[in-house]
Amino acid sequence: MSSTAPAPEPPGIDHVDERLLRTTPLKKLLARPELGSVVGAVAVFVFFSVVADSFLRASSLGTVLYAASTIGIMAVPVALLMIGGEFDLSAGVLVTSSALISSMFSYQMTANVWVGVGVSLLVTLAIGVFNGFMLTRTKLPSFIITLGTFLMLTGLNLGLTKLISGTVSTKTIADMEGFDSARKLFASQLTIGGVEFKVTILWWFGLVALATWILLRTRFGNWIFAVGGGADAARAVGVPVYRTKIGLYMGVAFCAWISGQHLLFSFDVVQSGEGVGNELIYIIAAVIGGCLITGGYGSAIGSAVGALIFGMTSKGIVYAEWNPDWFKFFLGAMLLLATLLNAWIRKRVEATK
């Protein structure tokens, strides 16, 4: 019995673990998922600084950040979900559902507003668990599962509101116990240096910091990237794929609850038809921020930059006194340019490895 010895390696070739290779600061920078969105944000800022005189006023900063925060609060969990390789088309109407549950439960039960807020949290999280459970058990694409949830929630929001309230909007709860304290948490504003900032900006910054820590410093963050890169391969190395995906959908639901409470306590009443179409805005913000539709790549910071681009564009058009109908045009252009730039950066990084 004979065996064939392995062929000798050509001289001069050293095998070095790529983890030990030195990486230049430039390569590290190019490898960041949010690089393309940062470049885009700088370009948008410079553009509106030139064409709109009022864009650079201190008072405009609070307005831009507020517009960005209302999108950014939801863009953060949506980005994590996309990194995990899934979508949630029900995220927009889930925000409205959360607000409706809080308002109608508090009003109908004549309970303290905080009771309605707590019930809303439980129901909203349950909807997130439902999405994740249906996804993992049926093996259907998340597009189909969450599209079904989107349609059901849209019908429930309108049907139950008209059945209970007799109209398409909720009754006022401004005079109920606990309303003022809840408003302070979800819809108050701070004045810093003469500039007013909505509390949603703090919620947004806090969620971005928390999500970044989860992605980069925890085992669950490793699971998210692994599941998005390949569920079967992740399962083979012991990653709890099902629990990870259900947890991601619960994260979307939790942030939808925060956004829903802000909606309720900002305006006191809620229109049952609100939220439709916002799910696309959250997804676009995540994509502009560097998340890949195929999963396994992206960052929470990138989603924040994507939301900031939204805020600057939506308010910059107003400050420039342009027709707001142009917003959708700029939105589509930013999406295409950011996607192309992100793809180009990834190719450059891969070519230099």
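**Loops, helix packing and aromatic rings**

Mentor: Let us begin with Asp 268, which lies in the loop between H11 and helix H12 (278-288). Please bear in mind that the model is predicted.

Trainee: Is Asp 268 buried or exposed?

Mentor: The relative accessibility of Asp 268 is 13%. Buried means under 20% relative accessible area. Asp 268 therefore counts as buried.

Trainee: What is phi of Asp 268?

Mentor: Asp 268 is a residue other than glycine, yet its phi is positive. The value is near 75°.

Trainee: Is Lys 139 buried or exposed?

Mentor: Lys 139 has its place in the loop between helix H5 (113-138) and helix H6 (142-165). Although not a glycine, Lys 139 has a positive phi of about 65°. Its relative accessibility is 58%, and exposed means over 50%. Lys 139 therefore counts as exposed.

Trainee: How are H7 and H11 oriented to each other?

Mentor: H7 and H11 pack with their axes 9 Å apart, at an angle of about 125°. The contact is made by residues including Phe 179 and Phe 186 of H7 and Trp 257 and Phe 265 of H11. Angles over 145 degrees count as roughly antiparallel and 65 to 115 as roughly perpendicular, the rest between these being oblique. H7 and H11 are therefore oblique.

Trainee: Which residues form one aromatic cluster with Phe 186?

Mentor: Phe 186 is buried, with a relative accessible area of 1%. One aromatic cluster is formed by Phe 186 together with Trp 114, Phe 179, Trp 203, Phe 254, Trp 257 and Phe 265.

Trainee: How many aromatic pairs are there, and what kind of pair do Phe 186 and Trp 203 form?

Mentor: The count comes to 14 aromatic pairs. For Phe 186 and Trp 203, the centres are 6.0 Å apart and the angle between the planes is 5°. Planes under 30 degrees apart count as stacked, so the pair of Phe 186 and Trp 203 is stacked.

Trainee: Which parts does this pair tie together?

Mentor: Trp 203 is partly exposed, with a relative accessible area of 23%. Phe 186 lies in helix H7 (residues 179-186) and Trp 203 in helix H8 (residues 199-217), so the pair ties together parts that are 17 residues apart in sequence. The parts are thus H7 and H8.

Trainee: How is H3 oriented to H11?

Mentor: The axes of helix H3 (residues 58-83) and helix H11 (residues 241-267) come within 7 Å and cross at roughly 165°. Among the residues that make the contact are Tyr 66 and Thr 70 of H3 and Tyr 249 and Val 252 of H11. H3 passes H11 in a left-handed crossing. Angles over 145 degrees count as roughly antiparallel, so H3 is roughly antiparallel to H11.

Trainee: What sits over the ring of Tyr 66?

Mentor: The group in question is 5.7 Å from the centre of the ring of Tyr 66. It is the charged end of Lys 198.

Trainee: Which residues does Val 44 touch, leaving aside those up to four places away in sequence?

Mentor: Val 44 is found in helix H2 (residues 35-51) and counts as buried at 12% relative accessibility. The C-alpha atoms of Val 44 and Ile 309 are separated by 7.0 Å, although these residues are 265 apart along the chain. Val 44 touches Ile 309, Met 312, Thr 313 and Met 334.

Definitions and conventions. Residues are numbered from 1 along each chain as its sequence is written. This is a predicted model: local features need pLDDT of at least 70, side-chain atom pairs count only at pLDDT 80 or more; totals for chains, interfaces and linings use all residues. Side-chain values use heavy atoms; hydrogens and water are left out. Rings of Phe, Tyr and Trp (its six-membered ring) pair if their centres lie within 6.5 Å; planes under 30 degrees apart count as stacked, over 60 as edge-to-face and the rest as tilted. Helices (H or I, at least four residues) and strands (E, at least two) are DSSP runs, numbered from the N terminus. Buried means under 20% relative accessible area, exposed over 50%, partly exposed in between (1.4 Å probe, protein chains only). A charge sits over a ring if NZ of Lys or CZ of Arg is within 6 Å of the ring centre and within 35 degrees of the ring normal. Axes are lines fitted to C-alpha atoms, for helices over the stretch in contact, and angles run from 0 to 180 degrees between N-to-C directions. Angles under 35 degrees count as roughly parallel, over 145 as roughly antiparallel, 65 to 115 as roughly perpendicular and the rest as oblique. A crossing is left-handed if the near helix is turned anticlockwise from the far one by less than a right angle, and right-handed if clockwise. Contact means heavy atoms within 4.5 Å.
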